[in-house]
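Keep the viewer open as you read.

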There are 2 protein chains.
Amino acid sequence: MLKIQNNINYFFKDLDILKKALTHSSINYKSNYENLEFLGDSIINFFITEWIYKKYPHLTENEMTVMKNQYINKDYLSKISNILKISEFASIDKNIEISTKISCELFESIVAAIYLDSNIKNTKKFLNKNLIKNFEESDKVIDYKGELIIFYQKKIIGNLIIQTEQLNESKIFISKISFNKYHFYGFGFNKIKAEQNGALFACKHIKDTILQKRVC
Amino acid sequence: MLKIQNNINYFFKDLDILKKALTHSSINYKSNYENLEFLGDSIINFFITEWIYKKYPHLTENEMTVMKNQYINKDYLSKISNILKISEFASIDKNIEISTKISCELFESIVAAIYLDSNIKNTKKFLNKNLIKNFEESDKVIDYKGELIIFYQKKIIGNLIIQTEQLNESKIFISKISFNKYHFYGFGFNKIKAEQNGALFACKHIKDTILQKRVC
């Protein structure tokens with residue numbers, strides 16, 4: 001239990017709550033992380049919304065929504081969960097694969113556990129370090145825009161339009177990616193990042209729906 | 001500005017934030033309550049989730065979701081907003097009708113304004129007094145179940161099934177209302193209340209979709 005606490009850089013007063021946060025329903029049907037995860041999700045949502053509100057006071061509600069979705073989406077939270085290696089310490093049936101969903105849930109339940117073990121201040125400190133700084137410092141750009149263009153060239157999607165603009169009163173960029181009748185949005189601190197982030201959502205949609213249908 | 005503060009029983013240090021919370025985009029396109037509302041929504045979500053988590057630790061995630069939806073739905077928040085008479089103090093174009101959506105948004109923006117003007121503790125106190133106590137003390141039951149049965153008798157809906165059960169480890173009841181291919185859930189501290197709450201959602205759906213289509 002010490003190693004996980006080292007990884008997340010938070011040391012619990014109540015180890016039972018940490019244990020619960022790491023227990024999957026496949027191990028304990030009654031006492032597992034499910035309702036902690038439910039609470040953690042609302043804490044992360046609140047934290048990110050407040051952070052965006054304070055850092056970018058001039059954004060419209062829609063722009064705030066675009067930005068928020070990139071911080072609270074399952075893929076990003078799962079990535080952070082994997083960086084902290086949380087799933088390595090989880091109690092989970094051996095036959096169950098640690099999916100993106102499960103690693104995201106583990107991160108959310110750990111957030112709730114920190115909150116219940118201490119207070120909102122410590123929880124914000126943890127989230128600031130792990131969600132905000134990782135996002136800003138991340139420079140590993142997978143070329144989702146390139147992948148998207150390949151989908152277009154192969155005629156898997158049609159009418160691809162990528163529009164990116166810098167918001168007047170802030171340093172951020174918003175990219176709108178349209179094809180068929182779909183629209184996806186991405187934001188970033190430069191044009192490339194905004195487009196990559198939007199393309200990530202678009203590619204995910206294509207893989208989850210359009211390509212799935214072709215396979216079936 | 002004093003009267004509204006009396007109504008909500010919170011007195012602002014910074015009156016500008018209160019003013020912003022009461023300004024609709026029809027009056028000021030740039031500085032209005034929209035992003036405060038966005039923040040307020042996440043605060044209410046967090047508050048209700050924590051309250052449910054602590055008060056009903058044995059609920060499953062699904063049961064928590066049912067309960068949460070009744071506290072954070074637009075109709076309920078709008079009702080509280082109307083009790084506090086918030087819209088009477090709003091700056092809004094005279095041609096715009098104060099809809100359920102707008103009165104709900106005003107409540108959410110006032111919540112964010114209280115939070116930014118003070119802290120989470122005061123905001124929780126405000127929400128506890130207005131969201132929790134009003135919900136628990138409310139005894140004005142509109143007979144939505146009766147309305148639902150009339151929809152069934154008039155063959156507007158088919159195969160109506162109402163199933164209500166008391167949850168083993170708590171004092172609350174959950175009602176599941178099914179018709180056609182839809183399911184709606186309600187909870188309450190007694191069987192009647194749970195059914196009425198579920199029926200409220202069901203009736204709203206019938207009025208918003210099935211009856212709308214008949215008119216068109």
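A quick term before we start: buried means under 20% relative accessible area, exposed means over 50%, and partly exposed is what falls in between, with a 1.4 Å probe and protein chains only. This is a predicted model, where local features need pLDDT of at least 70 and side-chain atom pairs count only at pLDDT 80 or more, while totals for chains, interfaces and linings use all residues. Residues are numbered from 1 along each chain as its sequence is written, chains are lettered from A and ligands numbered from 1 in the order in which they are written, and side-chain values use heavy atoms, with hydrogens and water left out.

You'll find B:K129 in helix α7 of chain B, residues 120–137 (helices are DSSP runs of H or I with at least four residues, strands are runs of E with at least two, and both are numbered from the N terminus). With a relative accessible area of 47%, B:K129 counts as partly exposed. Set aside the neighbours within four places in sequence, and B:K129 is in contact with B:N9 and B:N134 (contact means heavy atoms within 4.5 Å). Its C-alpha atom is 9.9 Å from that of B:I8, although 121 residues separate the two along the chain.

Now hop over to A:Y33, in the loop between α2 (15–21) and α3 of chain A. Is A:Y33 buried or exposed? It is buried, at a relative accessible area of 3%. Not counting residues up to four places away, A:Y33 touches A:K20, A:A21, A:T23, A:H24, A:I102, A:E105, A:L106 and A:S109. By contrast, 33 Å separates the C-alpha atoms of A:Y33 and A:L211, which sit 178 residues apart along the chain.

Next, the place where two chains meet through α3. Helix α3 of chain A and helix α3 of chain B, residues 34–55 in each, have axes that come within 9 Å and cross at roughly 160 degrees. Axes here are lines fitted to C-alpha atoms, for helices over the stretch in contact, and angles run from 0 to 180 degrees between N-to-C directions. The two helices are therefore roughly antiparallel to each other (over 145 degrees; under 35 is roughly parallel, 65 to 115 roughly perpendicular, and the rest oblique). Among the residues that meet here are A:F38, A:L39 and A:F46 from α3(A) and B:F38, B:L39 and B:F46 from α3(B).

Within chain A, α5 (residues 74–83) packs against α6 (residues 100–117) at an angle of about 70 degrees, with the axes 8 Å apart. That makes α5(A) roughly perpendicular to α6(A). A:L77, A:I80 and A:S81 are among the α5(A) residues in this contact, and A:F107 is one of those from α6(A). Over in chain B, the axes of α5 (residues 74–83) and α6 (residues 100–117) come within 8 Å and cross at roughly 70 degrees. So α5(B) is roughly perpendicular to α6(B).

A:F107 also leads us to the core. A:F107 touches A:I44, A:L77, A:I80, A:S81, A:L84, A:I86, A:F126, A:L127 and A:L131, leaving out residues up to four places away in sequence. The largest nonpolar core has 106 residues, and A:I8, A:F107, B:I8 and B:F107 have the most contacts inside it. Apart from that core lies another, of 15 residues, including B:I156, B:F179, B:I206 and B:I210. A nonpolar core is a set of buried Ala, Val, Leu, Ile, Met, Phe, Trp, Tyr and Cys residues joined through side-chain atoms within 4.5 Å.
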